[in-house]
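Welcome, and thank you for stopping by. Please take a look at the sequence and structure below, and then we can walk through some of the details together.

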Amino acid sequence: MEKIRINLTKIDELKKKNIKDRLWFVRYWANYVRTHPDKEWGGQQKVLIDSALKGAKK
Amino acid sequence: MKFQEGKIILKKPLTELDEFAISIIKIICRHAKYAVVSGYVAILLGRSRVSEDIDLFIEEISFKKFKQLFSDLEKNEFWFVNGDDATELYSILKDNSSIRIAVHGRGVPNVEIKFPSEETDFYSLNNTFRIILGKNEIIAGSLELNIAYKLRLGSQKDIEDAIHMFEVSKEHLNMETLSYFIKKLKMENRAAEHLWKK
């Protein structure tokens, strides 16, 4: 098998960045929920949850 | 999302998960005091994720009462994922383990029921607030404890749930209670990093 060089430090850095980005989004979304009518965020949440559960039924 | 004394009023469209939760809770509340805890509370309050289970504490009931709950659920097309014998299921609960209930023939989503065993479980069951969803109502355990407990559980998902619940409700939380549980659960550093941070 071909030998490849894996940069573990880079992967760890990407992981940290990914966590930071996710936490940014969680705060962004919480603020959206806090400042928008329930129907607006609820409609988006419904699409996400219902489609995931529909997938689980198959 | 409207916060009032002891309740949060939501006017969001119900998801399939909400409808499932409401249909089971309508039966459970006929037989025992209950409180929904953990991730589904974050989802009810708008978190953008799905969950395969809904965690719920019910007060410890007698075997006679449990058998009535068991029959009521079975009559309404639900089944117990981890067993079909009431005696066996009751002993799982008494053993401080959980039983899972789903729509007959399905595994997910499911409601995971436990009797309270730790002091925090009793606190959740005895310090609740109501989440009003149109004509329906779901009783949830203390939001302050839930946030601190999620920090303690500590997975990425749990920390995100804690941040979400805190951010949407921070103007209405009892900060003294939240700080108390953060201290009790030794989560001061995590709270400083994720909650108090600007």
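Helices (H or I, at least four residues) and strands (E, at least two) are DSSP runs, numbered from the N terminus. The peptide bond that leads from B:V108 to B:P109 is cis, with omega near -10°.

Before going further, a word on the ground rules: this is a predicted model, in which local features need pLDDT of at least 70 and side-chain atom pairs count only at pLDDT 80 or more, while totals for chains, interfaces and linings use all residues. Residues are numbered from 1 along each chain as its sequence is written, chains are lettered from A and ligands numbered from 1 in the order in which they are written, and side-chain values use heavy atoms, with hydrogens and water left out.

## Two residues with positive phi

Most residues other than glycine have a negative phi, and most peptide bonds are trans. B:E77 has a phi near 70°, a positive value in a residue other than glycine. B:E77 sits in the loop between α3 and β5 (78-80) of chain B and is exposed, with a relative accessible area of 52%. Here, buried means under 20% relative accessible area, exposed means over 50%, and partly exposed is in between (1.4 Å probe, protein chains only).

B:N96 is not a glycine either, yet its phi is positive, at about 65°. Look for B:N96 in the loop between α4 (86-94) and β6 of chain B; this residue is partly exposed, with a relative accessible area of 39%.

## Where chains A and B meet

How many residues of chain B are in contact with chain A? There are 32 of them, and they touch 25 residues of chain A, where contact means heavy atoms within 4.5 Å. The two chains bury about 2500 Å² between them, 61% of it on carbon and sulfur atoms. Buried area is the accessible area (1.4 Å probe) that two parts lose on being put together, summed over both.

The interface of chain B and chain A has 2 salt bridges, a salt bridge being a side-chain nitrogen of Lys or Arg within 4 Å of a carboxyl oxygen of Asp or Glu. The side chains of B:E171 and A:R34 meet in a salt bridge, at 3.2 Å from N to O. B:E171 lies in the loop between α7 (156-169) and α8 (175-184) of chain B and A:R34 in helix α1 (residues 8-35) of chain A, so this pair joins two chains. B:E171 is exposed, at 61% relative accessible area, and A:R34 is partly exposed, at 33%.

Over all chains, the whole structure holds 16 salt bridges. One of them brings together the side chains of B:D161 and B:R47, at 2.5 Å from N to O. This pair links distant parts of the chain, 114 residues apart: B:D161 is in helix α7 of chain B, and B:R47 is in the loop between α2 (39-44) and β4 (53-58) of chain B. Both B:D161 and B:R47 are buried. They also belong to a network of salt bridges that links A:R22, B:R47, B:R49, B:K150, B:D158, B:E160 and B:D161.

Another salt bridge joins the side chains of B:R130 and B:E137, at 2.8 Å from N to O. B:R130 is partly exposed, with a relative accessible area of 33%, and B:E137 is partly exposed as well, at 35%.

Which residues does B:H194 contact, leaving aside its neighbours within four places in sequence? They are A:L23, A:R27, B:I159 and B:I163. B:H194 lies in helix α9 (residues 188-194) of chain B and is buried, with a relative accessible area of 7%.

B:L145, in helix α6 (residues 143-153) of chain B, is buried at 2% relative accessibility. Apart from neighbours within four places in sequence, B:L145 is in contact with B:T120, B:Y123, B:S124, B:F181 and B:L185.
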